[in-house]
Amino acid sequence: MPGTATIAKSKSSRISKFIQWIEAPVSAAPLAVFRIIFGALMLVSTIRFIALGWVHEHFVAPQFHFKYFGFAWVEVLPPFWMYALHVLMIICSLGIMLGAFYRVAAIGFFLSFTYTELIDITYYLNHYYFVSLVSFLLILVPANAFFSIDAHRNPALQRRYVPRWTIAIFQFQLTLVYFYAGLAKINYDWLINALPLKIWLPANDKVWIIGDLFRYPATAYVFSWAGMLYDTLIPFFLMWRKTRFWAYLAVIGFHTMTGILFQIGVFPVVMIFSTLIFFSPEFHQKLITGLKSLLNKLGFTTTNAATSGTTSSIFGGRKKLVYSFLIVYVSFQLLFPWRYLLYPGNLFWTEEGYRFSWRVMLMEKAGTATFFVKDRESGREGVVVNSEFLNRHQEKQMAFQPDMLLQFAHFLHYHYEAEGLEDPVVRVESYVMLNAHPSQLIVDPKVNLAETEGGWRHKEWILDWK
């Protein structure tokens with residue numbers, strides 16, 4: 001049996017080899033391409049958001065905003081400043097794309113984008129969470145060290161090589177998104193009942209060429225199993241050089257199809273282009289060479305990256321701090337999606353631990369929520385017209401999510417108390433349908449939600465799914 005000293009030495013050796021691996025110099029081209037693509041996509045996405053009138057619809061018009069637990073202090077800005085904030089996001093995304101005042105631009109985009117997402121939980125989407133994480137990681141890496149305006153203005157910043165981890169961290173994040181999304185699809189409804197695709201696909205039977213196939217139940221089963229296998233395996237096929245080209249064709253096909261079938265904004269485009277980070281440095285260098293040639297033809301001068309300089313000088317004395325943070329970040333990303341195991345009941349029903357776990361397009365859930373407010377002094381009870389306070393999207397999302405039902409109940413309590421009611425009682429009758437199963441009450445209609453507190457603990461006032 002090996003002694004304790006031998007085991008410790010072996011462990012130390014493995015750690016040392018791993019550190020050498022993540023610190024090894026690799027081409028900076030993939031990081032530069034990723035920076036350009038991400039900045040360009042965020043630039044287009046933000047302009048589109050403003051053009052569609054969503055700043056007003058999402059932030060200005062509603063009287064009430066649903067909050068993430070722990071972020072109730074995040075308030076919406078006055079209308080002018082909400083528009084100004086989105087203009088700032090445009091400027092920052094342009095700075096990221098061009099590598100101009102890069103670090104300030106990355107910090108500015110992360111803070112402004114994440115702030116807007118924290119204003120109202122009803123607009124939560126996995127890809128918004130993904131964008132926040134990527135924009136945060138971009139703050140930590142020297143993505144402006146190669147083919148950037150900053151490097152052109154200050155040659156001392158130029159680097160042909162960067163530490164491997166600065167690219168691997170984005171590959172890790174993308175792998176996690178896909179792999180966890182695939183694991184989440186290994187459930188009875190998705191694989192055995194082909195739900196919710198059995199509901200969604202027939203509604204898209206007008207899609208060009210293949211729409212007729214969506215009418216057949218077998219198609220839903222094929223799509224369900226294919227979706228699970230795709231999400232679970234695609235990052236590993238992208239990592240392997242021999243399968244990378246065919247895997248990327250699958251990425252294009254998969255996300256093009258989801259973009260056609262579902263209203264999920266620019267997420268398919270983000271994933272199609274983000275996965276290029278798995279391609280070889282030579283591939284990215286060819287992209288940059290082509291872009292340089294185009295810029296030169298347009299009259300813009302470009303410079304080559306420095307041929308000297310080591311990667312160790314990029315972070316200086318902050319390297320240990322950066323690595324310590326990365327350990328915490330990676331551990332959090334690996335563990336946090338599993339917090340749902342701490343709660344009893346059907347995850348899709350209670351949604352306790354559902355968000356931030358990369359569960360993408362897994363359920364069809366809808367409900368109708370009727371709130372009742374009663375004056376304790378007179379005993380008179382009335383029905384609330386939800387649309388007086390919420391827009392249609394907020395009302396739709398609230399109706400089947402218990403934590404939002406609770407928040408709205410608290411809002412109604414304070415609102416009607418200010419209107420003169422004596423310590424009003426607020427209860428709700430919310431009937432919810434999950435994956436074509438018969439609708440049923442999700443919350444005990446006898447509970448006074450005004451006296452019920454939220455938090456991380458299991459909500460015992462949520463009725464069991466039957």
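A residue counts as buried when its relative accessible area is under 20%, as exposed when that area is over 50%, and as partly exposed in between. Keep that in mind as we walk through this predicted model. Take Trp21: its relative accessible area is 44%, so it falls in the partly exposed class. You'll find Trp21 in helix 1, which covers residues 4-23.

Strands of a sheet pair through backbone hydrogen bonds, either parallel or antiparallel. Here, 4 strands make an open sheet in the order 4-3-5-6, with antiparallel pairing. Strand 4 (381-383) and strand 6 (440-441) sit at the edges with a single partner strand each, so one side of each has no neighbour in the sheet.

Look next at strand 3 (residues 365-374) and strand 5 (residues 425-434), which are joined in the antiparallel sense by 10 bridges. Along this pairing, Thr368 stands opposite Tyr431, while Ala366 has Met433 as its bridge partner. Helix 18 (residues 402-418) packs on the sheet and touches both strand 3 and strand 5, its direction making about 25° with that of strand 3.

How many residues of strand 5 are buried? The count is 7 of the 10, so strand 5 is largely enclosed by the rest of the structure.

Strand 5 also runs antiparallel to strand 6, joined to it by 2 bridges. In one of them, Tyr431 is partnered with Leu441. The two strands form a hairpin with 5 residues between them, and Asn435 in the turn has a positive phi of about 50°.

How values were computed. Residues are numbered from 1 along each chain as its sequence is written. This is a predicted model: local features need pLDDT of at least 70, side-chain atom pairs count only at pLDDT 80 or more; totals for chains, interfaces and linings use all residues. Side-chain values use heavy atoms; hydrogens and water are left out. Two strands pair if DSSP finds at least two bridges between them. Contact means heavy atoms within 4.5 Å. Axes are lines fitted to C-alpha atoms, for helices over the stretch in contact, and angles run from 0 to 180 degrees between N-to-C directions. Buried means under 20% relative accessible area, exposed over 50%, partly exposed in between (1.4 Å probe, protein chains only).
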